[in-house]
Amino acid sequence: MTNQDDDAKRLVREIANGSVTAFEQFYERYASLVLHIAQRVIRDQMEAEDVCHDIFLEVWKKADQYDPERGSVQAWLAVKARTRSLDRLRQTSRLQVDTVDQSQMDAATAADPTEERVLLRLDREALQSALNKIPPSQARAVHGMYYESQTHRELSEKMKRPLGTVKSLVRYGLGNIRKQLSQLGWLEPSGGAKKHD
């Protein structure tokens, strides 16, 4: 954890206690990040500014809802910026007679290299956080499968577990990671995974 992360968490705690000074510092530090993400998604300056305003208003009112166990302050804001912007885009497109097709939505959410790097880092951070919260045997199976490119059979031998059990561990592990990422706002909720170890 860096000093910047600690300082951001301190600001959020002070905002939750009603500090206007902390909120001003927080806004100055993160407004450009939030606005940049909103602009990239919505592609409308005024709508992006509205989303940015709404997000910081939400931070002011609900700073106590930030949970440091779920990720960094920067990731928390990036998730809010992306999901609120996509919500705004969907809401706007529903109101229009001409609907926005998927290619337009994809183009609207395409990021520039700088934003892409920031979001990629935040994605990795969220994924690692989710991986740390699932049962260890599921985490070992998922890590072996996707980070070490091992087959189910190789994992079965390495983990000294039956092949079917390893397949289940990977499947439940992925489901639990999806659930964790949905709770963090990185994914749309879809069903849920059973807990299994």
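**Entry 1**

I began with L77, which touches F26, Y30, V34, I55 and V59, leaving aside residues up to four places away in sequence. I took contact to mean heavy atoms within 4.5 Å. I note that this is a predicted model, in which local features need pLDDT of at least 70, side-chain atom pairs count only at pLDDT 80 or more, and totals for chains, interfaces and linings use all residues. Residues are numbered from 1 along each chain as its sequence is written, and side-chain values use heavy atoms, with hydrogens and water left out.

I then looked up the largest nonpolar core and found 32 residues in it. F26, Y30, F56, V73 and L77 have the most contacts inside this core. Such a core is a set of buried Ala, Val, Leu, Ile, Met, Phe, Trp, Tyr and Cys residues joined through side-chain atoms within 4.5 Å. Helices α1, α2, α3 (45–62) and α4 (73–95) each supply at least two of its residues. The most come from α2, which gives 11 residues. I took helices as DSSP runs (H or I, at least four residues), numbered from the N terminus.

I also noted a second, separate core of 8 residues, with A126, A139, V142 and I177 among them.

**Entry 2: S85**

I found S85 in helix α4. S85 has 0% relative accessibility and therefore counts as buried; buried means under 20% relative accessible area, exposed over 50%, and partly exposed in between (1.4 Å probe, protein chains only). With residues up to four places away in sequence not counted, S85 touches A38, V41, I42, V51 and K80.

**Entry 3: α1 against α2**

I checked how α1 (residues 3–16) and α2 (residues 20–42) meet: their axes come within 8 Å and cross at roughly 135°. Axes are lines fitted to C-alpha atoms over the stretch in contact, with angles from 0 to 180 degrees between N-to-C directions. The two helices are therefore oblique to each other, a class left over once angles under 35 degrees (roughly parallel), over 145 (roughly antiparallel) and 65 to 115 (roughly perpendicular) are taken out.

On the α1 side of the contact I listed Q4, D7, A8, R10, L11, V12, E14 and I15, and on the α2 side A22, F23, Q25, F26, R29 and Y30.

**Entry 4: T21**

I placed T21 in helix α2. Its relative accessibility is 49%, so T21 counts as partly exposed.
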